[in-house]
Every structure is written in C-alpha cells, then in structure tokens.
Amino acid sequence: MHLNSHNLINPAVISPQDPTLLIGSSLVATCTVSPDFPLKAEDLYWTLNGRRLPAASYSTLGPSTLSVALARLNGSRQQSGDNLVCHSRDGGILAGSCLYVGLPPEKPVNITCWSKNMKDLTCKWAPGTEGETFLHTNYTLKYKRRWYGQDNTCQEYHTAGTYSCHIPKDLALFTPYEIWVEASNRLGVAVSDVVMLDILDVVTTDPPSDVHVSRVGDLEDQLSVRWSSPPALKDFLFQAKYQIQYRVEDSSEWKVVDDVGNQTSCRLAGLRPGTVYFVQVRCNPFSIYGSKKAGIWSDWSNPTAASTPRSVPGFLTKEPILAFPAGSQKLLVFLSQPSLFTARGGC
C-alpha cells in the first residue's frame, strides 16, 4: 500500500516538530506511526533534504516508532529550514519536520544615514562581522528624539540595499536623534550601538541640474562647464562645493577635478583636440544653518557630452559644436586621429 500525505491525514508524527538548533548540535528525532495504519518501525526510513539517511543512524524504539540520530548539524541550506521526512518503505511520505539550524544574530554595525534635502532620512547598516546566520533574520530600525519622545519604527525597508530603511517624513530639525537597529531570529536578538545625529549634519541633495558643456571659442584643448545650484535647498542657509569628473568617449576612466569650490562654472584645459568628452557634476551641501559636519556628496549628474575643436595643420577650422545627451546617436564623426594631451583639469 502506497501512503502519502495527499490521501491520508496524519499517518505519523515526528518529534520534535520544527526544532531550532545551533550549528554543531545533535538531534534525535522519532517517527511514530498512528495505530490506525498497519505499518511497523521496520517499514520506515528517513530523508533529509531528499537524501536518504543511512540505516546505521536509526533505532527502533517501539513496534511503530523509528528514530534517527543526527550529529554535528551544519547550518540550514535554506532559511525556510531543512526538510526531515519520515517515509514508508515504498517511498510514501508519512510526516515531515523543518530543522532550523543556525546562529543567533550578531549586533548590526556601521550605521550610516543621510537626508535628501532635509525632508527624509535613509539609513544603511551591516549585519555583523559574520553576517550569515543560516536562519531568516529580521532587522528593525528604530529611532527617537534624544531627550524625549517615544520609540519609532521605520517601515520602508530595502530602499537603498538589503540592509536599509527609509523614513519619509515627520522628522524634526535642530533636534538630535537616537538611531539603532535590532536583529532577531529564532535563536535570539542583538541590538546595535546607538547612533546620535542631527538631520542638518547628514544632508545630501539632488545632482546639479542644467549641466551645460560648450567650447571656448576656437581653443582646441578646452571646454567650459556650467551648472545650477541645487534648487531644493534654495530657501535654506547653506554652502555648497562641487566636483567635476570627465572622460574621453572611448575610455571608462574618469578624471576628477576637486578644486571647483562653490562656483557653478569651470573651464577644463589641456584636453585632446577633436575629441568627445563626457562630463558629470556633483554637489556637497554643507554648513546648513551652521552645521560643522563635512556634508555628503550627491549622486553624479547625468553625463553631458561635447567635443573640442579639431586641430588641422596649417589652419584652424570652425566646426559646429558636437553636444548631445549621453547614449544618443552621434551626428558627426572625426576622421583625423586626435593628438594626445594630458588634461590639466582645474577651474
């Protein structure tokens, strides 16, 4: 007679049912067949994750009870647990149990947070030095005003990676916050150190808008870059500094110009004549309402492209500027091989 869980209700019981164990633990599980079914202990066998366990690990504890001994268990292959199954001789499934074998969580570390235009807060963290617990582990970010107020729980997870959470609103300025992360699984709870921050100290903003790259007259080794300051912060008292990065069309290596300062224009010099360049700009808003922190860089703006004039021996031709959004089809192809210049950068 072929027995399976589809046509029989509770033909057998496994004990313990769905246990949680530390890595390296041992376990003795028993499968006891219901007296309503004509099966004996010698009619049974065990599998773990579909692999038949050796008969040497079995013991007969009664006419209809067969045990299996598992030693030095490894971490569960899947967070939903390993499948320990009791079968009848013909392969029918009589009962099953999930084994949750793993480690308790370690306290989360490296909490970093940033606020986009002082309207929200996003935090990231790392799960601890070991990381892998082999068990499903929940992470909960909590926060509160430092001197008063109740604990709040972040609700929007995985917004900036696996270990992250986003607080979209209802944050106070000029008030320090305490922020921490709690990790929990079937084997315990671990709590990170508390991070204290003021929203004004962790502000970042949108990439600079209206980035324009153009030629500087007929100067074959220069391009002018202009952009606008972040509009989302126009009503706040702050300073800004900028960085530029640029590369030639056929290279993936970016050169960075650090000394742009707080101006919204820059001239790149020492470029190759007759060459297409991609340019990006980013912004670091700092000293917002007198904050002493260094500020956080925005993302880079979308690449903007333009070409330097082509150098022609004996005379200089005025060519139409080649400027196009990154990724669009090029409208002009230079036939001459450009000379090699090392860009000096600087503004």
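Is aspartate 206 buried, partly exposed or exposed? Aspartate 206 is partly exposed, because its relative accessible area is 30%, where buried means under 20%, exposed means over 50% and partly exposed is in between, with a 1.4 Å probe and protein chains only. Before I go on, this is a predicted model, in which local features need pLDDT of at least 70, side-chain atom pairs count only at pLDDT 80 or more, and totals for chains, interfaces and linings use all residues. Residues are numbered from 1 along each chain as its sequence is written, and side-chain values use heavy atoms, with hydrogens and water left out.

The structure holds four salt bridges, a salt bridge being a side-chain nitrogen of Lys or Arg within 4 Å of a carboxyl oxygen of Asp or Glu. In one of them, aspartate 206 pairs with lysine 116, and their closest N and O atoms are 3.3 Å apart. Lysine 116 lies in strand β10 (residues 109-116) and aspartate 206 in the loop between β19 (203-204) and β20 (209-215), so the pair ties together parts that are 90 residues apart in sequence; strands here are DSSP runs of E, at least two residues, numbered from the N terminus. Lysine 116 is also partly exposed, at 32%.

Another salt bridge joins aspartate 43 and arginine 89, at 3.1 Å from N to O. Here aspartate 43 is buried, with a relative accessible area of 15%, whereas arginine 89 is exposed, at 57%.

Terms used
Helices (H or I, at least four residues) and strands (E, at least two) are DSSP runs, numbered from the N terminus.
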